Amino acid sequence: MFVNFDFDVIWRSLPYLFYRGMTFTLLLTALATAGGIVIGTLLALMRLSGTTALTVAAAAYVNLMRSVPFVLMIFWFYFLVPYIGQWVTRSAQPIQVGAFASCLITFTLFEAAFFCEIMRAGIQSISRGQVAAAQALGMTYPTVMGYIVLPQAFRNMVPVLLTQTIILFQDTSLVYVISVTDFLGAASKVAERDGRLVEMYTFAAAVYFIISLVASRAVAHLQRRVAIIR
Amino acid sequence: MRLKIMASTIVVAGLFTAPAFAQALTGTLAKVKDSGTITLGFRDSSVPFSYLDDNQKPIGYAMDLCYKIVDAVKANLKLDKLDVNLNPVTSATRIPLIANGTVDLECGSTTNNLDREKQVAFTITHFVTANRFVSKKSSNLKTVDDLKGKTIVSTSGTTNIKQITEIGAQKHLDLNIIAAKDHAEAFLMVETDRAAAFVMDDILLYSLVAISKSPGDYVINADPLSVEPYGIMLRKDDAPFKAVVDAAMTNIYKSGAINAIYDQWFLKPIPPKGINLNVPMSASFKKVVADPTDTGDPAWYAQ
Amino acid sequence: MNYHWNWDIFWELSPDGVHTYFQTLMLGTAWTLITAACAWIIAFASGSIVGVVRTTPYAIAVRLGDVYVELFRNVPLLVQMFLWYFVFPEVVPHAFGTWLKQLPNGSFYTAVVALGLYMSARVAEQVRAGILSLPRGQRQAALALGLTLPQTYAYVLLPMTYRIIMPPLTSELLNTIKNSAVALTIGLMELTARARAMQEFSFQVFEAFTAATIIYIIINIVVTFAMRLLERRIAAPGYLGFRAPAAGH
């Protein structure tokens with residue numbers, strides 16, 4: 001089957017694949033997760049705020065992001081973000097946004113919609129009695145949310161949030177379409193340069209598989225521990 | 001934070017006072033001066049114009065020309081230091097990225113034509129090529145008509161894919177056209193028999209064949225489908241910047257510096273594999289060097 | 001904003017000389033829907049089988065089902081597309097590989113298989129979760145009545161399971177439609193690819209992407225609505241419906 005399998009090409013390109021490619025992938029995953037959770041939580045609070053305008057706006061945003069393919073969104077933002085920057089800063093020219101920043105903005109805003117739904121479920125999992133009790137004690141809305149509801153919601157949802165992060169980690173490979181050097185981009189550049197598609201894509205698949213599998217096992221383990229404590 | 005507010009106050013103040021200075025910089029020059037950086041767009045696999053070497057660093061003929069332009073911009077703005085950012089572009093992303101300000105100069109193998117001049121500007125032509133197709137010798141494809149009913153590939157976002165689409169429609173060739181992300185990917189489609197032919201600028205095809213695993217297996221068709229002048233792309237409606245860039249290019253041609261740069265990429269062994277493309281300057285390009293032009297009209301080059 | 005809007009671009013002729021840009025987008029929509037529909041058949045069929053297998057009492061079968069799901073779930077869809085498109089034809093016998101590569105519409109078949117198998121792992125997870133959510137007594141009662149294991153699944157467990165997992169299945173179906181856009185990387189001219197091509201030929205980036213976005217939203221609304229109708233038609237009386245926590249897209 002693998003008569004001509006050339007391990008050497010993988011070995012030679014390892015530093016490039018991991019130092020350049022995987023660093024980009026992991027950094028993008030980590031920052032987009034952090035940003036996505038923050039914005040997603042805000043969106044969730046908007047959706048649950050009871051103020052019609054906020055609820056509708058947040059719901060529209062979430063539904064829009066969930067209706068459109070990620071690939072299309074990546075194109076959208078890559079071309080659109082500089083113009084938005086120009087509009088925000090009122091500058092004469094579109095603002096220069098590098099490939100990494102553009103990807104980061106895209107993934108953060110896109111994932112925020114998914115994290116919003118997770119956080120909304122998390123917030124709704126907290127019993128109303130707790131909120132009522134906190135309000136009876138004279139706590140303001142920010143205090144109730146910040147000290148009572150969100151910490152518990154977050155904790156309950158940690159396994160789901162982490163599962164979403166693993167999906168995000170896999171989705172970062174889609175930046176391939178704008179020729180950015182993430183892990184898959186690095187692998188494909190070597191593959192195309194040396195004509196070693198079989199080796200590089202098989203290797204890339206193996207690396208994604210191992211990382212995602214180990215991570216999802218760890219999440220499952222965590223989920224069991226959380227379940228016991230609760 | 002406070003600094004930012006101060007800075008924006010100054011910018012706003014600047015907006016009001018700007019008309020007082022007739023010589024105030026605008027457009028890309030102003031941006032380059034303020035930020036101290038200029039962004040070059042490079043290609044993955046436009047050999048030998050703009051491509052990645054073994055260390056995945058962008059190099060090539062168009063990159064060398066761009067660095068010369070950067071030097072000229074630096075001198076023009078009297079800057080001590082000018083940082084160069086490198087941003088990858090593909091055939092599909094290059095025009096929107098120039099237009100939206102991500103990239104200041106696109107250093108690659110972009111055809112200058114009248115259609116594109118409505119969206120972006122081009123400096124002096126740096127190469128003249130023709131649209132042809134490569135196929136395996138074994139498949140015996142000599143003319144466009146031989147492609148009838150075949151699966152062919154071209155790179156998405158190029159003039160070539162547009163032309164072959166049009167030719168296919170005119171001649172009722174019933175082509176199945178695949179759009180590849182970049183030239184290397186497109187060539188691989190032919191190499192792995194996914195597609196019968198790859199329609200592209202001949203100079204890129206020569207290079208791809210030369211660096212392929214078995215160059216003897218491929219043949220490029222004889223009749224060109226069109227003439228394609230290449231230019232480095234910049235933003236439209238930015239005359240001061242274009243003037244500096246054009247002057248830099250003209251200077252490279254007039255001073256004779258072009259010969260050394262040209263020879264280095266077309267007549268000497270090039271990285272990564274040390275292959276010599278051996279493509280001397282064409283008559284049309286010699287004409288450009290003698291009489292630098294930025295026209296996108298193919299007729300000018302055909303004469 | 002120094003961008004030249006031109007909404008009339010949709011009615012101009014595209015470079016293929018036959019269709020207007022609007023028509024090319026419609027062709028793309030058709031390919032998106034056909035690809036997603038074929039992939040969904042694979043996803044639903046093999047996902048159901050694997051999901052069922054993972055709830056049977058046979059340890060080895062459960063193990064194999066687990067491996068199947070882990071394999072297709074832990075590799076990015078784009079990488080799986082590349083594996084099927086670039087790697088698979090090279091590792092099978094040469095003649096078969098060449099036949100595969102020269103298949104007309106090869107990228108369509110590849111996209112259907114890759115997308116179908118990728119989504120099948122997700123469907124399998126939902127089916128398994130649905131079966132496990134049923135009271136254990138149902139299975140025990142069915143077996144005690146003398147039904148064989150296949151009969152138990154066919155007449156007792158699955159009819160209920162599919163009703164319960166309708167909402168998550170709907171979102172997996174929508175994911176299948178959206179994920180078909182990834183196939184543009186292997187040359188399938190579906191909706192996103194057509195929008196990109198339109199942008200390249202006409203330079204009207206935002207008009208092209210706006211149109212594609214609106215079409216995706218319409219597809220989304222129509223499918224959601226149709227699935228709700230179906231859900232209501234087949235709802236079992238006395239059940240509130242169960243919503244599994246669904247992560248992913």
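I looked up polar contacts between chain B and chain A first: the rule finds 7 residue pairs, both residues at pLDDT 80 or more. A polar contact here is a pair of N or O atoms within 3.5 Å; within protein, one must be able to donate a hydrogen and the other to accept it, and residues adjacent in sequence count only if both atoms are side-chain atoms.

This is a predicted model, where local features need pLDDT of at least 70, side-chain atom pairs count only at pLDDT 80 or more, and totals for chains, interfaces and linings use all residues. Residues are numbered from 1 along each chain as its sequence is written, chains are lettered from A in the order in which they are written, and side-chain values use heavy atoms, without hydrogens and water.

**B and A**

I found 30 residues of chain B and 25 residues of chain A in contact (heavy atoms within 4.5 Å). I noted 1 salt bridge (a side-chain nitrogen of Lys or Arg within 4 Å of a carboxyl oxygen of Asp or Glu). Lys189(A) and Asp44(B) form it, with the closest N and O atoms 3.7 Å apart.

**A and C**

I then turned to chain A and chain C, where 41 residues of chain A are in contact with 39 residues of chain C. I counted 5 residue pairs in polar contact, both residues at pLDDT 80 or more. I also noted 1 salt bridge, in which Arg217(A) and Glu70(C) have their closest N and O atoms 3.5 Å apart.
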